[in-house]
Amino acid sequence: MHAPIPAIEIRNLAKVYPDGFQALKGVDLEIQPGEIFALLGPNGAGKTTLISIVCGIVNPSSGTVRVSGHDIIRDFRAARSLIGLVPQELTVESFESVLDTVTFSRGLFGQPPNPAHIEKVLRDLSLWEKRDNRVMELSGGMKRRVMIAKALSHEPKILFLDEPTAGVDVELRRDMWEMVRRLRQSGVTIILTTHYIEEAEEMADRIGVINKGEIVLVEEKNRLMKQLGRKELSVHLQTPLTALPPALSNRPLELTDDGHTLVYSFDAQAEESGIPELLKALGDAGIDFCDLRTRESSLEDIFVDLVRARA
């Protein structure tokens with residue numbers, strides 16, 4: 001059995017801009033066919049540069065990129081025809097109708113006309129009723145939908161969504177998540193860059209974290225949550241404290257600024273949580289509490305910790 005050819009295969013990719021800024025530093029990454037891969041990173045981390053190179057918009061300084069086995073430089077046309085890109089910026093201030101704009105996009109990729117496919121894409125994105133409207137008359141959210149329709153017009157096998165829900169309403173965000181799932185079911189590979197952590201948590205199979213041009217981690221989402229997930233127990237006190245009593249200073253405890261809550265951190269995977277001992281120690285110190293709450297760390301906490309650790 002041969003392993004499937006990766007949808008995207010990136011080896012030792014670097015990008016240095018003419019002003020000397022190094023946007024990418026030796027990036028290695030493989031994305032498998034049919035997966036949803038979320039690339040997380042703070043602004044300026046290199047997410048858009050990475051996507052722009054894979055999509056043939058920016059030239060790499062060194063390294064190789066293959067799209068379903070096609071080298072993006074030697075075999076540009078074949079590689080590019082497999083990719084749909086929804087960029088971050090809205091670039092559809094067109095005088096044309098929605099239907100004409102999306103139909104034209106399909107033709108740009110040398111695909112024969114297929115009105116049934118275009119209609120399906122427009123219906124999936126709630127754009128069919130607007131098909132005769134000029135693009136420039138649409139709201140920002142509707143223009144975003146048009147950009148997605150254009151990216152899907154030529155039936156790509158790989159779809160890049162660069163910050164797809166930045167500045168869009170909740171309804172469009174939900175519609176997009178639904179559409180992404182349907183596309184994946186039809187075999188499309190989806191790469192999503194975002195700094196909305198809940199988007200990655202909701203959608204992705206695997207998550208890569210990029211910071212300062214380097215991939216710092218690639219992991220299955222569920223395993224990442226397990227590996228790095230910590231739990232917090234918040235102990236709400238009857239009487240606020242001004243400082244942590246010496247008897248408790250050797251425990252992973254923090255006192256909130258208002259003195260009303262003690263926050264105890266522990267490993268969610270550990271056999272012993274240490275909570276019974278903590279509660280006994282509180283009792284021995286004469287500290288009464290009125291409420292207990294636990295909280296598991298979210299992907300956001302994990303992400304912030306990772307970026308901070310590599311800063």
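Is strand 7 largely enclosed by the rest of the structure or exposed, and why? All 5 of its 5 residues, 158-162, are buried, so strand 7 is largely enclosed by the rest of the structure. Here "buried" means under 20% relative accessible area, with exposed over 50% and partly exposed in between (1.4 Å probe, protein chains only). Strands (E, at least two residues) and helices (H or I, at least four) are DSSP runs, numbered from the N terminus.

Before going on, a word about what you are looking at. This is a predicted model, in which local features need pLDDT of at least 70, side-chain atom pairs count only at pLDDT 80 or more, and totals for chains, interfaces and linings use all residues. Residues are numbered from 1 along each chain as its sequence is written, and side-chain values use heavy atoms, with hydrogens and water left out.

Strand 7 has a partner in strand 6 (residues 83-86), and the two run parallel with 4 bridges. Two strands pair if DSSP finds at least two bridges between them. One place to look is isoleucine 83, whose bridge partner in strand 7 is isoleucine 158. Strand 7 is also joined by 5 bridges to strand 8 (residues 189-194), again in parallel. Here isoleucine 158 stands opposite threonine 189 of strand 8.

**Cavities and pockets**

Now for the spaces. On a 1 Å grid over the protein atoms alone, a cavity is a set of points where a 1.4 Å probe fits but cannot get out, and a pocket is an open set with protein on both sides within 12 Å along at least five of seven lines; lining residues have an atom within 4 Å of a point. Grid points are joined across faces, edges and corners, and a volume is the space filled by probe spheres set on the points.

| Space | Volume | Element giving the most lining residues |
|---|---|---|
| Largest pocket | about 400 Å³ | helix 2, 4 residues |
| Second largest pocket | about 320 Å³ | helix 4, 4 residues |
| Largest cavity | about 60 Å³ | helix 1, 3 residues |
| Second largest cavity | about 50 Å³ | helix 6, 3 residues |

The structure holds 2 cavities of 30 Å³ or more.

The largest pocket is lined by 16 residues, and Arg80, Ser105, Leu108, Phe109 and His154 lie nearest its centre. By class, its lining has 8 nonpolar, 5 polar and 3 charged residues. The second largest pocket has 14 lining residues, with His117, Lys120, Leu183, Ser186 and Val188 closest to its centre. Helix 4 (115-124) and helix 6 (170-185) each give two or more residues to this lining.

Terms used
Ala, Val, Leu, Ile, Met, Phe, Trp, Tyr, Cys and Pro count as nonpolar, Asp, Glu, Lys and Arg as charged, and the others, Gly among them, as polar.
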